[in-house]
Every structure is written in structure tokens, then in C-alpha cells.
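Reader: I have a new structure to look at. Can you walk me through it?

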Amino acid sequence: MIALAEPYRFGDGASIGIGSLPHRDTDAAAAFAIGEFDIATIPSLPRLSTREGMIEQANEPLDGPGFASLRTFLDLSQKVSLDGSPVKWQFVGPVTLGIELVNSGVEVAAAFEKATTTVRSKLAEISALVTQALPNSPQLVVLDEPWFSDLMSPGFPIAPDEAVDFLSSAMAALPTSSVVGVHCCAPCDIAMLLASGPNVISVPVSAELVDWAGYISRFLDDGGTVAWGVIPTEGPIPTTADRNWRALSDVWCSLVQLGCDPILLRQQSLVSPACGLAGHSAAVARRIARLTSDVGRRVKDQSAATRLSLGA
């Protein structure tokens with residue numbers, strides 16, 4: 001895992017966003033991102049501009065239209081005195097960017113070399129910009145790797161160990177004070193995801209996670225945090241969080257039966273929507289954010305009760 005010089009513990013059921021929002025107004029998106037999540041999450045607005053898309057941002061300068069939502073967020077965060085509070089942001093990972101370059105016709109080795117160099121450079125630039133605006137705010141930086149779900153598939157253009165190395169190299173471009181995570185919005189090989197050395201993994205709640213109980217247990221024992229994608233972003237959107245809370249509780253119960261520490265599961269957990277919210281209306285996005293926070297409150301309550309029972 002990435003070593004932190006001044007670790008800030010993200011956990012206790014705090015809610016975070018995944019990044020993309022449906023807004024076409026940067027001011028409204030910034031207010032949403034700060035107001036609707038426990039940990040303010042810097043948004044991207046692909047419906048405002050395709051240049052704010054996950055892949056497109058890799059080739060955009062920070063002072064260009066592809067990062068208008070980032071700049072507006074930082075302006076508002078200074079006006080509302082957010083400095084000192086934690087923030088979360090994310091950027092495309094090198095494996096996913098490399099795959100997109102291969103799909104566009106770039107030779108495999110050149111594609112992943114370019115992807116890794118590009119991601120490392122952009123992570124350093126964004127981190128410096130956020131630090132300049134919010135020098136006292138701990139940063140949770142998450143690399144978005146949807147293509148990791150196909151990592152073990154026949155025909156994947158690089159070996160799993162190469163993918164892990166590319167992801168680890170990108171993470172190493174960030175300051176040691178950052179908490180670094182990786183997000184995959186589909187079922188994936190958790191062992192390979194963890195092998196890259198993140199402090200946080202961000203994955204949708206699924207019964208399939210129980211198959212990785214041993215890896216998750218060791219990750220928690222080593223101080224890692226899981227961001228559980230507790231509210232689905234595809235299909236019917238629930239009206240209450242009851243079913244989603246039960247789904248998370250069922251996964252946790254199964255993990256505990258297989259050796260996971262129930263205390264660490266609660267204390268070293270974040271909650272989020274399963275994926276970004278750009279595909280919904282602003283009203284539905286707000287409902288998903290608030291359902292996520294509802295599950296987070298239940299995690300917080302259990303975490304607090306655990307601390308009290310231990311005399312902490």
C-alpha cells in the first residue's frame with residue numbers, strides 16, 4: 001500500500017461521489033458536490049462539454065474547457081471556507097486510457113507508455129492545483145479503471161502484472177500525503193486491484209465480493225479502506241435505502257463469517273453511488289446522493305456504537 005506521511009483516515013461511513021454529474025452549470029454542480037456528500041467530491045460535467053469526459057480530460061490543459069468544473073469547484077470551496085475539510089477527486093487510470101488508445105489504433109507498447117506518462121503528469125498537476133486552493137485539505141485521489149473488469153479476459157492486450165505496474169506507477173506520481181484509491185464500476189479481480197497498492201478500493205456492492213474475503217480481510221488489517229458502491233446507478237432507482245443497506249449488511253455478514261474483522265469493516269468504510277451520475281437528471285442525482293448518505297448514516301451509527309463498546 002502507498003505509505004502516507006501524514007495519514008488522514010477516510011472512513012466511518014462518510015459519503016463520497018464518484019465524479020461525473022449531470023449538471024450543465026458549473027456553479028450548480030460545485031454547490032451539489034460540496035453540499036450533497038460528506039466528503040466534497042470534485043465533479044466532472046460531460047453533459048456540459050464532451051471535453052470533461054473521462055478520456056477527453058487526459059488531453060485537456062487545466063485552464064481549458066475540459067476542467068471548468070474543477071476550477072469552479074475550487075473557487076466556491078475557497079468562498080465557503082472548505083480548506084481543512086477533506087476533498088475527493090478522480091482521474092482516468094493508465095490501464096483504461098491505454099486501452100482507449102489501443103482501440104484508436106495506437107500500438108500497444110506505445111499506447112500504455114503514453115497513457116502512464118499522461119496520467120502521471122495530470123495527477124501531479126491537479127494535485128498541485130487543489131493543494132494551492134485548499135492547502136490544509138486532505139485529498140483522496142481515485143484512479144478510475146473500468147477496464148480492470150476485463151483484465152483477466154482472453155485477448156486483453158497486456159498481462160495482469162503489467163497492468164498492476166502501470167497503475168502503481170501512476171499512483172506514485174502523487175504526494176505521499178495523498179490517500180490514493182482505485183475505482184472499478186464492474187466486478188473485477190480484487191487481488192489484482194489490491195496488488196497495485198491502493199489505500200482505498202472503490203467497488204459496487206455485490207455478493208461476488210465475498211469470493212475475495214481473504215484479500216479484503218488482509219487489506220483491512222493493513223489499514224485499507226473500502227468505498228462501497230451502495231446505491232445502483234443503472235436500472236430503477238430505489239425510493240428508500242432499506243434494501244441497499246440490507247445488501248451491504250448481507251455482504252458484510254458473509255465476509256465476517258469468512259474471517260473479516262466486523263469492527264474494521266465498519267470503521268474503514270466509505271459509501272458512494274455505484275458509479276457516476278451523469279446519466280441522470282439533477283433531481284435523480286440528488287436522490288441517489290441522499291440515499292447514499294442514508295446508508296452512510298447507518299454505517300456511522302454502527303461504527304460509533306462499536307467505539308463505545310470498546311471504550312474508545
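Reader: Let's start with Cys275. Is it buried, exposed or partly exposed?
Author: Cys275 is partly exposed, with a relative accessible area of 26%. Buried means under 20% relative accessible area, exposed over 50%, and partly exposed in between, with a 1.4 Å probe and protein chains only.

Reader: Where do these numbers come from?
Author: This is a predicted model, so local features need pLDDT of at least 70, side-chain atom pairs count only at pLDDT 80 or more, and totals for chains, interfaces and linings use all residues. Residues are numbered from 1 along each chain as its sequence is written, and side-chain values use heavy atoms, with hydrogens and water left out.

Reader: Back to Cys275. Which cysteine sulfur is closest to its own?
Author: The one in Cys185, at 4.0 Å. That is too far for a bond. A disulfide is a pair of cysteine sulfur atoms within 2.5 Å.

Reader: And what about Cys253?
Author: Its closest cysteine sulfur is in Cys260, 12 Å away, also too far for a bond. Cys253 is partly exposed, at 47% relative accessibility.

Reader: How many disulfides in the whole structure?
Author: Zero, on a search of the whole structure.

Reader: New topic. What is the strand order in the sheet?
Author: The sheet is open, with eight strands in the order β1-β8-β7-β6-β5-β4-β3-β2 and parallel pairing. Helices (H or I, at least four residues) and strands (E, at least two) are DSSP runs, numbered from the N terminus. Two strands pair if DSSP finds at least two bridges between them.

Reader: Which strands are at the edges?
Author: β1 (14-15) and β2 (40-41). Each pairs on one side only.

Reader: What does β6 pair with?
Author: It pairs with β5 (residues 179-183) in the parallel sense over three bridges. It also pairs with β7 in the parallel sense, over five bridges. Gly181 has Val200 of β6 as its bridge partner, and Val203 has Trp228 of β7.

Reader: Are the β6 residues buried or exposed?
Author: Five of the five are buried, so β6 is largely enclosed by the rest of the structure. Val200, Ser202 and Pro204 point one way, and Ile201 and Val203 the other.

Reader: How many residues of β7 are buried?
Author: Seven of the seven in β7 (residues 225-231), so this strand is also largely enclosed by the rest of the structure.

Reader: Last one. Where does Leu277 lie?
Author: In the loop between β8 (269-273) and α10 (282-310). Leu277 is buried, at 2% relative accessibility.

Reader: What does Leu277 touch?
Author: Ser20, Leu21, Pro22, Thr233, Ala285 and Ile288, not counting residues up to four places away in sequence. Contact means heavy atoms within 4.5 Å.
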